Structures are given as C-alpha cells and as structure tokens.
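Q: I'd like to talk through this structure with you before I set anything up. Could you take me through how its parts are arranged?

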Amino acid sequence: MTLDLENPQSILFLAFAGVCIGSSLAVILHKNPVISAASLVLSFFALAGIYAVMNAIFIATMQVLVYTGAIMVLVIFVIMLLSLREETNLEIWRNPIKQTAIVLVMIVYGSLLISAMNYNPEIGNGQPKENYSYEIKGPVTSVNVKGNTASIGASTFIDYLLPFELVSVLLTAAVIGAVVIAKRDKLNQS
Amino acid sequence: MNINISGVPLTYYLSLAGAMFSIGVLGVLLRRNAVVIFMSVELMLNSVNLVFIAFSKSMGNIGGEVIVFFVMAIAAAEAAVGLAIVIAIHRHKKTVFVDEINLLKW
C-alpha cells in the first residue's frame with residue numbers, strides 16, 4: 001500500500017500529482033480568469049503525464065491534443081471575446097452558504113478517501129494487458145492485436161462501433177447548435 | 001490484495017482523482033464567473049477519466065480507455081455548446097457572473 005520511492009515512476013507520479021493538485025487549486029482560487037485558464041492547461045498537462053506513467057499512451061496523447069489543444073483554445077477565445085473583468089469580491093469566508101459548501105465538500109472528499117483506501121478488490125492481477133483478441137464468425141476468424149493504441153482502435157471499431165458513430169452525430173449537432181446559439185440575432189439587433 | 005499500476009498503488013490514483021473532483025465541485029460552488037465554473041466542470045470530467053483509466057489498467061480491460069475517448073469527445077461538444085451559451089448570455093445581460101443572471105427567477 002505504500003509508495004516505493006526507489007521506483008522512478010513513483011517519483012514521476014508524485015511530481016505530476018503535486019503539479020496537478022496545485023494548478024487545480026490555482027484554477028478555482030485565482031481572481032483573474034486568464035490565469036485560471038493557464039493553470040487549467042498546466043493541470044491537463046500534468047494529468048497527461050500521469051496517463052503516460054500509467055502506460056496509457058494513446059489517452060495521454062489525446063489529453064494533450066483534445067483538452068489542452070482544442071478545448072482550452074476555445075475557453076481562451078471566449079475569455080478574449082468577453083474581455084472578462086476580475087471578480088472583485090471573492091468573499092468565500094464571509095458567506096455562510098459558501099462556508100457550508102466547503103465543509104460539505106471536505107466531508108465528501110474524506111469519505112471518498114476512506115473508501116479509496118479501503119478498496120480491496122478480488123479481481124484483477126495488477127498486470128495491465130496490452131493485447132486484444134476477438135472471435136468473429138465469418139471469413140476472418142479472429143482479431144488479435146498487441147499494444148495500447150492498437151488495442152483501443154480494435155476495441156473502438158469492434159465493441160463500441162455504434163457509440164462511435166453516435167458520437168459523430170452528437171459532435172455535428174453540437175457544432176451546429178453552438179453556431180446557432182452564438183449567432184447574432186438580426187431581428188433584435190436593429 | 002495490493003494492486004500496482006507502474007509501481008504506484010491503485011489507491012493513490014483514486015485519491016488523486018477524488019481530490020481533483022472535490023476541487024472541481026468547490027470551484028462550481030464558490031465561483032461566480034460562468035467561464036471559471038465551466039473550467040471546474042472540465043476538472044471534474046478529467047478526474048473521472050483518471051478513475052476510468054486506473055480501473056482499466058488494474059483489471060486488464062481496454063474498455064475503460066475507449067470510454068475515456070468518448071468522454072473526451074462529449075466534453076468537446078459540451079465545451080462548444082456551453083461557451084456559445086455564455087456568449088449569448090453576455091450579449092443580452094452584459095455579464096457572465098451567475099449571481100447577476102436571474103432570467104428564470106420568479
């Protein structure tokens with residue numbers, strides 16, 4: 001249960017986890033939204049590092065490309081368009097509702113921590129499998145691939161083919177919806 | 001049973017994900033700026049992704065990583081629509097502070 005500090009991956013995990021927690025705290029505590037967005041980018045990079053430590057290479061790459069690339073550019077563009085001012089009063093400590101919220105979240109985190117520490121599964125051997133195999137009734141009898149990315153690709157296009165296609169429909173709907181919502185209303189404008 | 005992923009126990013990953021999720025919940029509850037609230041929601045989504053990958057690696061099942069891929073796609077869709085709504089609200093009300101937006105209050 002303890003961390004082996006001789007292992008270089010443990011040290012990498014601790015470093016990335018510290019950066020991740022620190023920059024996440026900076027996101028919610030800093031008054032300036034631009035600094036918050038920059039801290040969020042740092043937090044996502046640290047999370048990508050943790051994924052790489054866990055040997056989930058494909059997801060680490062996607063984290064950098066999608067989150068720190070696409071989504072954060074969108075957020076920063078919106079901050080730039082709106083020219084947001086700083087929050088003048090971050091009166092966290094004087095508002096009784098917000099004090100109650102902090103206490104409740106601390107209680108929730110404590111119970112999360114206790115349940116995570118007591119998690120003791122019977123299944124799994126702790127050895128991450130890097131291969132994927134699937135039996136097919138047809139001219140091709142089976143699919144066998146090795147490696148993280150190849151396994152994810154095979155699993156996406158064999159087990160999760162319908163959700164994958166539905167995600168493409170969802171993305172199209174989201175893009176069209178975003179354009180329609182953000183478009184300037186010409187009738188009300190004049 | 002002591003499960004390690006790359007030499008780090010599984011409980012450490014779960015604790016980190018719990019901490020990130022709690023920070024995200026605190027951000028949603030404490031901040032007034034809609035864009036920062038949106039970033040806190042992204043933090044919560046990322047902590048859940050970390051849990052998915054930790055269990056995927058510990059159980060030797062690749063399905064969790066495929067789900068994380070889908071979560072990322074849906075987060076991108078949510079980002080596009082959510083930020084468009086923020087822009088539309090800012091155009092009408094000239095503010096993005098959620099306590100000054102009370103259109104649905106009666």
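Predicted model: local features only at pLDDT ≥ 70, side-chain atom pairs only at ≥ 80, totals over all residues.

Q: Which helix of chain A comes within 8 Å of α3 of chain B, by their axes?
A: That is α6 of chain A, residues 161-182, whose axis comes within 8 Å of the axis of α3 of chain B, residues 63-93, with a crossing at roughly 10 degrees. Because angles under 35 degrees count as roughly parallel, α6(A) is roughly parallel to α3(B).

Q: Which residues make that contact?
A: On α6(A) they include A:Val167, A:Leu171, A:Ala174 and A:Ile181, while α3(B) contributes, among others, B:Phe70, B:Ile74, B:Val81 and B:Ile85. By class, the contact of α6(A) with α3(B) has 19 nonpolar residues, one polar and no charged.

Q: Zooming out, how many residues of chain A are in contact with chain B?
A: There are 77 residues of chain A in contact with 64 residues of chain B. On the chain A side, the elements giving two or more residues are α1, α2, α3, α4, α5 and α6, and the largest share, twelve residues, comes from α3(A).

Q: What does that side look like by class?
A: The side of chain A that touches chain B has 58 nonpolar, 14 polar and five charged residues.

Q: Switching to packing inside chain A, at what angle do α1(A) and α2(A) pack?
A: They pack at about 160 degrees with their axes 8 Å apart, and because angles over 145 count as roughly antiparallel, α1(A) is roughly antiparallel to α2(A). The crossing of α1(A) and α2(A) is left-handed.

Q: Which residues are involved there?
A: Among them are A:Leu12, A:Phe13, A:Phe16 and A:Cys20 of α1(A), together with A:Leu40, A:Ser43, A:Leu47 and A:Ile50 of α2(A). The contact of α1(A) with α2(A) divides into 14 nonpolar, seven polar and no charged residues.

Q: Last one, which domains does the assignment give for chain A?
A: The assignment gives domain 1 (1-85) and domain 2 (130-185), and 25 Å separate the centres of these domains of chain A, taken over C-alpha atoms.

Methods. Residues numbered from 1 in each chain as written. Chains lettered and ligands numbered in written order. Domains from an automatic or database assignment. Axes fitted to C-alpha atoms, helices over the stretch in contact; angles between N-to-C directions. Helix = DSSP H or I, 4+ residues; strand = E, 2+ residues; numbered from the N terminus. Parallel < 35°, antiparallel > 145°, perpendicular 65-115°, else oblique. Contact = placed C-beta atoms within 7 Å. Nonpolar A, V, L, I, M, F, W, Y, C, P; charged D, E, K, R; others polar. Left-handed = near helix turned anticlockwise from the far one by under 90°.
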